[in-house]
Amino acid sequence: MTTYAVTGASGLLGHLAVTGLIEAGVAASEIVALVRTPSKVADLSEQGVQVRAADYSAPETLAAALAGVDTLLLVSGSEVGQRVAQHSNVIDAAKNAGVSRIVYTSVMRADTTELVLAPEHKATEEALRASGIAFTLLRNGWYIENFVAQLDQYRATGEIVGASGDGLVSGATRADFAAAAVAALVQPGHENAVYELGGAPAYTMTDLAAALSSALGTSIVYRDIAPDEYTAMLESVGLDAGTAGFVTALEVATSRGDLYTESRDLQHLLGRESTPLAEGVAAAVK
């Protein structure tokens, strides 16, 4: 029997991956959920999943957490600026524990994109290659759910303001990306593979506004402004200069196509089409 472990199992993607493994037929006893706070995944423990305390930033917790694990899903950390060190801790511990393969949630075209988020992912990919452990790189596109975090603001103003222009986004739902990760974990033939994962058809922010209008039953439009104007707007509502610049950089990245791919890797892993924008938005706003 193969023992699978999932880091960040109390997070949205990690939790979906654990439950997806169970739905795929993996015995709960053969799944290890790695979390900082085990009490946050009591539901998984109740299903028979092994819950172990593990902290990316505390290497001393990782050896015991990874004992007996064959295949590891390394869900990228959320702390920008610390992820290379954190991921390296996990990779080193996995190597010492005899983990045979690591599946890593990276970012689209991590080795070539100008996306501001990419350098840490690129460095993690390089650490994986250098480790000698078999790997699978899941270069995830954007979650549809990322765009519906400010529903109250959209309703209040009737608009989405951004600097993305007509840039296309190959977005998919978090559940789609989790299902792809499960497929890469349990199916044979994914050793040392690199997958560019994006939903289809791609959409613009104008398309997103239309989907939100339908889901919310009210008119939402997309208003595009210049990047410097967008940065100033963010600072005017309380964001510090660094954060405002970071968010603006993501908008500019979208405008130049950094979140778009023609790859069908996601659909191939899923064995179906990815969730359409309108359906994903409708589910996210419930």
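This is a predicted model: local features need pLDDT of at least 70, side-chain atom pairs count only at pLDDT 80 or more; totals for chains, interfaces and linings use all residues.

Trainee: What is the relative accessible area of alanine 249?

Mentor: The scale runs like this: buried is under 20% relative accessible area, exposed is over 50%, and partly exposed is in between (1.4 Å probe, protein chains only). Alanine 249 counts as partly exposed, because its relative accessible area is 27%.

Trainee: And how are helices H9 and H10 oriented, given their angle?

Mentor: Helices here are DSSP runs (H or I, at least four residues), numbered from the N terminus. H9 (residues 227–236) and H10 (residues 241–255) pack at about 140 degrees, with axes 9 Å apart; axes are lines fitted to C-alpha atoms over the stretch in contact, and angles run from 0 to 180 degrees between N-to-C directions. Under 35 degrees is roughly parallel, over 145 roughly antiparallel, 65 to 115 roughly perpendicular, and the rest oblique. H9 and H10 are therefore oblique to each other.

Trainee: Which residues of H10 make the contact?

Mentor: Contact means heavy atoms within 4.5 Å. H9 brings Pro227, Tyr230, Thr231, Leu234 and Glu235, and the partners from H10 are Ala241, Ala244, Val247, Thr248, Glu251 and Val252.

Trainee: Moving on, is threonine 261 buried or exposed?

Mentor: Threonine 261 sits in the loop between H10 and helix H11 (265–270). Leaving aside neighbours within four places in sequence, threonine 261 is in contact with Met108, Arg109, Ser170, Glu196, Leu197 and Gly198. Its relative accessible area is 12%, so threonine 261 is buried.

Trainee: How far is the backbone nitrogen of serine 263 from a polar atom of the side chain of threonine 261?

Mentor: For that pair, the backbone nitrogen of serine 263 and the side-chain polar atom of threonine 261, the distance is 3.0 Å. So what's left is threonine 275.

Trainee: How far apart in space are threonine 275 and threonine 173?

Mentor: Threonine 275 lies in the loop between H11 and helix H12 (277–284), and is buried at 15% relative accessible area. Leaving aside neighbours within four places in sequence, its contacts are Ile144, Thr173, Asp176 and Gly280. Threonine 275 and threonine 173 are 102 residues apart in sequence, and C-alpha to C-alpha they are 6.5 Å apart.

Notes:
Residues are numbered from 1 along each chain as its sequence is written. Side-chain values use heavy atoms; hydrogens and water are left out. Helices (H or I, at least four residues) and strands (E, at least two) are DSSP runs, numbered from the N terminus. A polar contact is a pair of N or O atoms within 3.5 Å; within protein, one must be able to donate a hydrogen and the other to accept it, and residues adjacent in sequence count only if both atoms are side-chain atoms.
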